[in-house]
Amino acid sequence: MKPEQIAQSSCKAVTCQSMEKAREALDDGQKHFKVENRNEERAMLLEHLLKLEREHGDDTSIEAAEKRQPKREKKRRVIPGGEGEDGQEAYEEYMDYAFPEDNKEQQNLKILEMARMWKKRKIESSQ
């Protein structure tokens, strides 16, 4: 066996014997990628967690892992310095992930953003 295969097989054996440690390691990695805003890596870790739970977990842990899975979304962003056909800004489409645990935080941010815009319009209209 090559050293890489030994390391990989020993890692699998530890993961099978200690699901708590595996969950903790995947959760730590998921939190790390969340801070760095690396959604694709976060999604991969959560997908791996679900796979492990299906192989070695119980119904409750499988359901919890399924609830944490992100949904893929198609989004658009402006291409800096790019112009479209009509002289308008050019956009590109890309795939991103929407994580259920982030929705609560995003809703609060949207409310704050709407309040800021309302205040800005109020100040502009009073001048």
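What percentage of the contacts in the protein with a separation of 6 or more is accounted for by residues 24 or more positions apart? In this predicted model, such residues account for 42% of those contacts. The protein contains five helices and two strands, and along the sequence these elements follow the pattern α-α-α-α-β-β-α. Of the 127 residues in the protein, 20% are buried.

**Packing of α2 against α3**

- Two packed helices are described by the angle between their axes and the distance between the axes.
- For helix α2 (residues 19-35) and helix α3 (residues 39-56), the axes come within 8 Å and cross at roughly 165°.
- Because an angle over 145 degrees counts as roughly antiparallel, α2 is roughly antiparallel to α3.
- The crossing of these two helices, α2 and α3, is left-handed.
- On the α2 side, the residues that meet α3 are Met19, Ala22, Arg23, Leu26, Gly29, Gln30, Phe33 and Lys34.
- On the α3 side, the partners are Glu41, Arg42, Leu45, Leu46, His48, Leu49, Leu52, Glu53 and His56.
- Sorted by class, the contact of α2 with α3 comprises eight nonpolar, four polar and five charged residues.
- Met19 of α2 touches Leu52, Glu53 and His56, when residues up to four places away in sequence are not counted.

**Packing of α3 against α4**

- The axes of α3 and helix α4 (residues 59-67) come within 9 Å and cross at roughly 165°.
- The two helices α3 and α4 are therefore roughly antiparallel to each other.
- Here α3 passes α4 in a left-handed crossing.
- Leu49, Leu50, Glu53 and Arg54 of α3 make this contact with Ser61, Ile62, Ala65 and Glu66 of α4.
- By class, the residues of the contact of α3 with α4 divide into four nonpolar, one polar and three charged.
- Leu49 and Glu53 of α3 take part in the contact with α4, and Leu49 and Glu53 also meet residues of α2.

**Nonpolar core**

- The largest nonpolar core is made up of 12 residues, among them Met19, Ala22, Leu26 and Phe33.
- Also in this core are Ala43, Leu45, Leu46, Leu49, Leu50 and Leu52, together with Ala65 and Phe99.
- Helices α2 and α3 each supply at least two residues of the core.
- The contribution of α3, six residues, is the most that any element gives to this core.

**Asp102, between β2 and α5**

- Asp102 lies in the loop between β2 (89-98) and α5 (103-126).
- Asp102 counts as buried because its relative accessibility is 10%.
- Leaving aside neighbours within four places in sequence, Asp102 is in contact with Lys34 and Arg42.
- From C-alpha to C-alpha, Asp102 and Pro70 are 9.7 Å apart in space, while 32 residues separate them in sequence.

**Asn37, between α2 and α3**

- Asn37 is placed in the loop between α2 and α3.
- The phi of Asn37 is near 60°, which is a positive value in a residue other than glycine.
- At 60% relative accessibility, Asn37 counts as exposed.

**Lys75, in strand β1**

- Lys75 lies in strand β1 (residues 71-83).
- With a relative accessibility of 30%, Lys75 counts as partly exposed.
- Setting aside neighbours within four places in sequence, Lys75 is in contact with Glu92, Glu93, Tyr94 and Asp96.
- Lys75 and Glu92 are 17 residues apart in sequence, and their C-alpha atoms are 8.3 Å apart in space.

Methods:
Residues numbered from 1 in each chain as written. Predicted model: local features only at pLDDT ≥ 70, side-chain atom pairs only at ≥ 80, totals over all residues. Heavy atoms only, no water. Axes fitted to C-alpha atoms, helices over the stretch in contact; angles between N-to-C directions. Helix = DSSP H or I, 4+ residues; strand = E, 2+ residues; numbered from the N terminus. Parallel < 35°, antiparallel > 145°, perpendicular 65-115°, else oblique. Left-handed = near helix turned anticlockwise from the far one by under 90°. Contact = heavy atoms within 4.5 Å. Nonpolar A, V, L, I, M, F, W, Y, C, P; charged D, E, K, R; others polar. Core = buried A, V, L, I, M, F, W, Y, C linked by side-chain atoms within 4.5 Å. Buried < 20%, exposed > 50% of the residue type's maximum accessible area, 1.4 Å probe, protein only.
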